[in-house]
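Here are some notes to read with the model open beside you. Take the points in order and find each residue as you go.

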Amino acid sequence: MKDIWKSARKGDLVKIKKYIPGTKFKVDELDKEGRSILHHAIDGDQLQMVNYLLEQGANINLKDPKSGDTPILMSLKKINTIDKQEDIAILLVNKGADLDVESRERKNVERYVDSCPKRFQIKYKDAITQKFKNKYPPKAIAPASPATQILLAQTAGLPPPSPKPNPPPPQQQENSPTPSIISTVEPKPYVNSNGETVVRSTNELDLIVQESLLGDDFDKEQDLNIIWMEVAFRASIVAIRSEKVRYDDITKATDQCGNILIHLLSIIGNSETTSFMETVKNQEAVNSIQERVKNVKEGIKLRLFSRIDHAELIRLVAALIGSLHWIYNCWSEVSQDDINRSIAECALSCRVAMNSVTTRTPFQLGVLTNIAKLLKNISTKVFITRTPSDAKKLSDSCFVISSTFKSLMVLSVLNDVKQKSAENIISLGRSIAEQLSILKLQSSSILPSRVGQNLSSQEERELNESASNQLRSSIDYYISNNQTTTAPTTTTTTTTTTNNTTGIITSPKRLPKEDKTLPLLANIEKSISMLMGFTTEDKNIQMSIPVQMIAKDIHELRTILLEYIKEQSDSLSEEFKDQITNAINCSAHFSTQQLFSVSALICHNRITDISQLGYSSRNIAACCCILIDSFCF
């Protein structure tokens, strides 16, 4: 019996293979002290022995009864003195070792990694990144057809024209994976944890996300759209840190979230600028926030001294996220009269759009503004609806309306007389009218407090898939529409033009700072497609990464577009400026909702379900399409 333990420590594979596999000894055989063969192999710094035992099915998470450490903790503790343990630790990570464990000294895996040499930290980060990529590979989306074919086929039931692409060689078609993002847009660079500017691959997401959007100068920001997004972003960091149980990090994240909340409450609590605090409900919501932050900070201290367990700390964080979720709903809440008014305005926009198609005149500037307003008002209902099937009905109607409007816009520039027939135009208009009627009925009858069954995994994936396809279709259409244009892509001096025949002012035909805005839009589409990998049955903390990347890209996109409007204010029409401003502000609103939803999901708060991420993705995609279409039609 002693030979097997001694052989494991010495790395004698020849002897070990005589016993394992076999009937006399099991791979998890324990000695008198309760230690397994794997424990002895790690003690002996034997990489090949560890690998062989794991291949034979050794329990990778079996604790050493003497020290209470799992194999990964045993290896990490020896790295600073024995270099061989670096490869053993990386092997354990790659083989699926549980990384959410603590030693008896109350230190977790990440704490030990931080005390290891820098070279190992880099190896460890690479291993974790590869592990995430293997578990959640990018979902391949079928190549998008031309926008006119997709939109008309989906919404008007028209047979799409037969495509005439140049097929790639058979070998290339078989060996090359279908890209999940359009290849015509260069990936936008980002700054990694070392401060280096690198280009994000189109097949993966960077796991390093900044801890805030505004940085330390947040107190200079007065725009509530961005302040709310910053609150939601920092709340998601709190949820992530609490899940990982790193007390210094969660303390820092909670303090940063508390700082931005103080700034927010100082603005919304100012009776001279807002009436938010005039109602008792809103006052109670603000008071609960202050109490929840205090409870989390006290809970962190108690957990540090083992006065409460981890589940209780998560519960305190979940309560904070729930309060933030509720106060944002109070802030953005609209009445049913406001919803009905936006439905009526959207119906008016539909009639204007149909008239433009019929008379073959350019779309009036600002016609899409009412679409963004409708999406925002309906989202306030969807955000607090706890019956996914009811929320999906509202989201489906909004999705059909935004897609059908795009079909009308495409029809206005087509030269095909058959597709521009009165029957097709009326069919599209009737589709919008039916969906508006459904929205009016459903939004007034939904009971937000009623809890319903989750959607199926396929339905949850389809929410993000439809959003990704819609946004990519608009990007493809914009690119194909500007391929023959020779105007510079980085100019910000694009101005509106006047149609000499009709006298109608038309919008600029190129996105401002196209070399930056177009990659940002493509990155948003990429992040939305990444969310397809998460469902109620398969969700974890990693789903926060695409959501945070969407927020980051929307914030940067918003900054560029608002600067453009400010610089070109004299040459742009008021309608066009309102359309762009509304669309980008609504995108920020939907991103804020998505951040609050993913935070609640991470800390297991039952106020939301994973389908809420898909609803927000749809709305974000629709508003991004409005931004793109504003420079197309």
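1. Start with Lys 577. This residue forms a salt bridge with Glu 574, and their closest N and O atoms are 3.0 Å apart. Keep in mind that the model is predicted.

2. Where do Lys 577 and Glu 574 sit? Both belong to helix H22, which covers residues 574-602. They are 3 residues apart, so about one helical turn separates them. In an α-helix there are 3.6 residues a turn, so residues three or four places apart point the same way.

3. Is Lys 577 buried or exposed? Its relative accessibility is 9%, and it counts as buried. The cut-off for buried is under 20%.

4. Now look at helix H15, residues 336-359. Here the side chains of Arg 341 and Asp 338 meet in a salt bridge, at 2.7 Å from N to O. The two residues are 3 apart, about one turn of the helix. Arg 341 is partly exposed at 47% relative accessibility. Asp 338 is also partly exposed, with 28%.

5. The next pair is Lys 77 and Glu 105. Their side chains form a salt bridge of 3.4 Å, N to O. Which parts does this pair tie together? Lys 77 lies in helix H5 (residues 71-78), while Glu 105 lies in the loop between helix H6 (84-94) and helix H7 (109-114), so the bridge links parts that are 28 residues apart in sequence.

6. Lys 77 has 34% relative accessibility and counts as partly exposed. Glu 105 has 48% and is partly exposed as well.

7. How many salt bridges does the structure hold? The total is 21. Some of the charged residues form a network. Asp 83, Glu 86, Asp 87, Arg 119 and Lys 123 are linked by salt bridges in this way.

8. Finally, turn to helix H14, residues 310-332. This helix has 23 residues. From its first C-alpha to its last it reaches 33 Å, close to the 33 Å expected at 1.5 Å a residue. How many of its residues are buried? The count is 17 of the 23, so H14 is largely enclosed by the rest of the structure.

How values were computed
Residues are numbered from 1 along each chain as its sequence is written. This is a predicted model: local features need pLDDT of at least 70, side-chain atom pairs count only at pLDDT 80 or more; totals for chains, interfaces and linings use all residues. Side-chain values use heavy atoms; hydrogens and water are left out. A salt bridge is a side-chain nitrogen of Lys or Arg within 4 Å of a carboxyl oxygen of Asp or Glu. Helices (H or I, at least four residues) and strands (E, at least two) are DSSP runs, numbered from the N terminus. Buried means under 20% relative accessible area, exposed over 50%, partly exposed in between (1.4 Å probe, protein chains only). The expected span of a helix is 1.5 Å times one less than its number of residues.
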